[in-house]
Amino acid sequence: MDLQRNKMHPSRRQKLVGRLVLLLMSCACLVGLEIAYRAWNGAPLLALTDWRSRRILEFEAAPFVEHDRLLGWKHQDHFTTSYFNTIDFGIRKNRPGDQSVRPGGILVVGDSFASGGDVKDGETWPAQLEQILNIPVINAAVGGYGLDSITLRIEQLLPISRPKVVLVGTAQAIDLVVYSSAGWPKPYFTLENDRLVEHNIPVPEPASYEHWFGTLKQIASHSYLINDLMVRYAPTVWFSESDKQWRKVKGDKIKISCALLNRIKNASSQSNAKTVLVMQHGGADNLGNEMEDQLLIARCAQEVGIDVIDEYKTIHAIATNPTAFNELYIRGAAGDYGHMSPKGNRLIAEIVAKELRHSGSLVRSGVESR
Amino acid sequence: MSKIIKMIAAYRSAWLPPIIVMIIAFAIAIFLSHGRIELPFLYRFT
């Protein structure tokens, strides 16, 4: 009897040890998988970073944004801080002395790269363009705008600013045309029988939603692997928070964007203004190959008679000198690329000024004399 | 030394499956990591 019990004990112990080894090995393998994936992607191996938050570019203290029934949101009128100031219609000041909309110059409408995310009023590229050309440049760009909101804002401001040239700034604006909510609810368009049909106007006010998986998401955000795969395959779920929702709608972003560019061109032409598309890209995109989407957008813009200024070739060429390239962007703690730095914006202003002069756009539109 | 090796061999049914799963998961993750990132960065405006 005793002998039999002795034989059974090692077996139970073996089972227990076996399960313990399985548990420990599973944990070790999960950690190993995370480290291996980081190593494969050249990420810091042991950093306890919130990778999800790092993909979100925050504009310091952004209480300057308010809900708008047509555009989704806009900058507040006459907002004042040490670095971000607006006049009527939420237009950003270029200089402290700007008090009202100065008609007859250049109207810039775009997303945060044109608005000047993370830089002071005078350091945005529209402000620096005004310094170079010495003609009024109205910075009506707003962070987070898709080409849909950009189109509606151009139509809204054309009769007020009576510009000679309209500059349409895009960095992420093309991708956002297939979202009905990009943080906050926004207007969007679909194509029905090749005609643009607007939706979500008047835009509802942003509402709060509770996520049962909020805590789980916060923990998972520290995994480089989970973050990387969620960003690629489930961005709307991954980036939505209780007060910021991301919702995608069905649609072909290229076709919708092309139709919107055509609408912008028609509206500008009716106001005797020339339209120019200023294409910007994220720092990582400028390091890589030019994306097919951007080429398609550039092509359809040209087909409807819009001049295109694309930063890609100039900035991609600078990438051969990493120090010079890195100076063009505001960079995160881990070296990730954010908005453009004052120096980067200066370069964009110089590229835009050169192209506008080279193409004769300023002379033809009457904004500059021969 | 041989005792340790024997021990490791005895518990291979406990440590081998997680390693195999990890290798397969790594290969799948690398394959999936080629999917395009639609929004390379997000602008938080509020």
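**Close-ups from a predicted model**

**View 1. Helix H4 of chain A and its buried residues.** A:Trp125, A:Pro126, A:Ala127, A:Gln128, A:Leu129, A:Glu130 and A:Leu133 are the buried residues of H4(A). The model here is a predicted one. The helix runs over residues 125-133 of chain A, and with seven of its nine residues buried, H4(A) is mostly covered.

View 2. Start at the N-terminal end, where A:Thr124 does the capping. One of its side-chain oxygens sits 3.1 Å from the backbone nitrogen of A:Ala127, and A:Ala127 is itself among the buried residues of the helix.

View 3. A:Gly18 counts as buried because its relative accessibility is 13%, below the 20% cut-off. Who does it touch, once neighbours within four places in sequence are set aside? A:Gly18 is in contact with B:Tyr11 and B:Ala14.

**View 4. A nonpolar surface patch on chain B.** Four residues make up this patch: B:Leu16, B:Ile20, B:Ile24 and B:Ile28. Together they have about 330 Å² of accessible area. Zoom in on B:Ile20, which belongs to helix H2 (residues 12-32) of chain B. Its relative accessibility is 43%, so B:Ile20 counts as partly exposed: that value falls between the 20% and 50% cut-offs.

Notes:
Residues numbered from 1 in each chain as written. Chains lettered and ligands numbered in written order. Predicted model: local features only at pLDDT ≥ 70, side-chain atom pairs only at ≥ 80, totals over all residues. Heavy atoms only, no water. Buried < 20%, exposed > 50% of the residue type's maximum accessible area, 1.4 Å probe, protein only. Helix = DSSP H or I, 4+ residues; strand = E, 2+ residues; numbered from the N terminus. Polar contact = N/O pair within 3.5 Å; in protein donor to acceptor, adjacent residues only side chain to side chain. Contact = heavy atoms within 4.5 Å. Patch = residues over 30% accessible without salt bridge, like charges linked within 9 Å, V, L, I, M, F, W, Y side chains within 5 Å. Areas by Shrake-Rupley, 256 points an atom, 1.4 Å probe, with all protein chains shown as cover. Salt bridge = Lys/Arg side-chain N within 4 Å of Asp/Glu carboxyl O.
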